[in-house]
Amino acid sequence: MNRPVPNPGILDIAPYTPGKSPVPEPGRKVFKLSANETPFGPSPKAIAAYKHAADHLEDYPEGTSRILREAIGRAYGLDPDRIICGAGSDEVLNLLAHTYLGQGDEAISTTHGFLVYPIATMANGARNVIAAETNFTADVDAILKAVTPRTKLVWLANPNNPTGTYIPFDEVKRLRAGLPAHVLLVLDAAYCDYVSRNDYEMGIELVATSENTVMTHTFSKIHGLAALRIGWMFGPAHIIDACNRIRGPFNVSTPAMVAAIAAIEDTAHQQMSKLHTEKWRNWLTDEISKLGLKVTPSVANFVLIHFPTEKGRTADEADAYLTRRGLVLRGLKNYRLPHALRMTVGTEEANRLVVDALRDFMAGK
Ligand SMILES: *Cc1c(COP(=O)(O)O)cnc(C)c1O
């Protein structure tokens, strides 16, 4: 063909379809519960730091995000030299894929795993291999069974989006122990701040004691800074070094850095958000279950609601019904969950409105 041709794999990627633009009935207040954003916004201190940074927009940022890496290091007890920051964890995940995957390689993710994983995999010419889940939860044995001589990387969001489920740290360690040493295990801890289970860990200990495991985290969720695009990774020195070689030299902006530092230091804001989320996630799970709908038990800041397939009660119809009331949830067809909707835990007002609307929907009103 006499025109530029994309690299192999690129055109096999299904284009990302963002959540629809809500068109509620006139006069309805709109609640966006479709992207797992916090209903509280960021810490006021983060907003102040961001505004302060506006005084010097002419200067390039410091290229290694040093002050942010140091703040993350203080918050989690990590060596800042083993942290890399990026424009969202999206960038970090793509850096990993670009550094470690190529033509002929395979990367494993799970049936309802985060969609960025197959995109990052295929964008680098590698094959996306899907391991079955059990009860909407990653299954370590299925992942290990999917390993072949071509496997280079395993993606695991723990807790996972959009299912809200997690696997205990013992299972993560069993996964690591069962994978060949040259296979990179990526633990995506985007929702770790919402988990309060004794058997859960974000993976720091495993990363600190291995040469082949990294963990990623984000400022987009509990810190409420999704608009600024800030994520990070903690990893072995040799992986940080390799990724730094292809990272854009000024990939995190100064306003983003200073806002993130203020956010991570405001532990009271995080605690408030965590308590609210826990309380209302449990309330939503109970109340929605009482309506005769199945809700997958979640440890994150969202719930997965399953709908029947009978006409008048489907996820599609519920989605349209809720949207008319200004309640915007997330349809999950591209996550292989055509009969489910994902709802982000919102304000008390939003949560109550959703349950009221679902009650009317199920009653055929
Ligand atoms: C929201 C989310 C992220 C965060 O992505 P950013 O690019 O940092 O905004 C990462 N992983 C998962 C599984 C998520 O749901």
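Domain bounds, as used here, come from an automatic or database domain assignment. In this predicted model, that assignment divides the chain into domain 1, made up of residues 27–41 together with 268–362, and domain 2, which covers residues 44–265. Domain 1 is therefore written as two segments of the chain, whereas domain 2 is given as one range, in the assignment as it stands.

With the two domains located, the reader can turn to how they meet. The C-alpha centres of domain 1 and domain 2 lie 26 Å apart, and 26 residues of domain 1 are in contact with 28 residues of domain 2. The size of an interface is often given as the accessible area lost when the parts come together. For domain 1 and domain 2 that buried area is about 2,300 Å², with 60% of it on carbon and sulfur atoms. On the side of domain 1, the residues Q270, V299 and Y335 supply 30% of the area that this domain buries against domain 2, which is more than any other three residues supply.

What kinds of polar and charged pairing cross this interface? The rule finds zero salt bridges between domain 1 and domain 2, but it does find 10 residue pairs in polar contact across the interface, with both residues at pLDDT 80 or more. The elements that give two or more residues to the side of domain 1 touching domain 2 are α10 (267–290), β10 (302–306) and β13 (337–344), and of these α10 gives the most, with seven residues.

In one of them, the rings of Y191 and F302 have their centres 5.1 Å apart and their planes at 75°, so the pair is edge-to-face. This pair links distant parts of the chain, since Y191 lies in the loop between β6 (184–188) and α7 (204–208) while F302 lies in strand β10, and the two residues are 111 residues apart.

The search of the whole structure also finds 19 salt bridges. Among them is the one between E171 and R174, whose closest N and O atoms are 2.9 Å apart. Both E171 and R174 lie in helix α6 (residues 169–178), where they are three residues apart, about one turn of the helix.

Definitions and conventions: Residues numbered from 1 in each chain as written. Predicted model: local features only at pLDDT ≥ 70, side-chain atom pairs only at ≥ 80, totals over all residues. Heavy atoms only, no water. Contact = heavy atoms within 4.5 Å. Buried area = accessible area lost by both parts, 1.4 Å probe. Salt bridge = Lys/Arg side-chain N within 4 Å of Asp/Glu carboxyl O. Polar contact = N/O pair within 3.5 Å; in protein donor to acceptor, adjacent residues only side chain to side chain. Helix = DSSP H or I, 4+ residues; strand = E, 2+ residues; numbered from the N terminus. Phe/Tyr/Trp six-rings, centres within 6.5 Å; stacked < 30°, edge-to-face > 60°.
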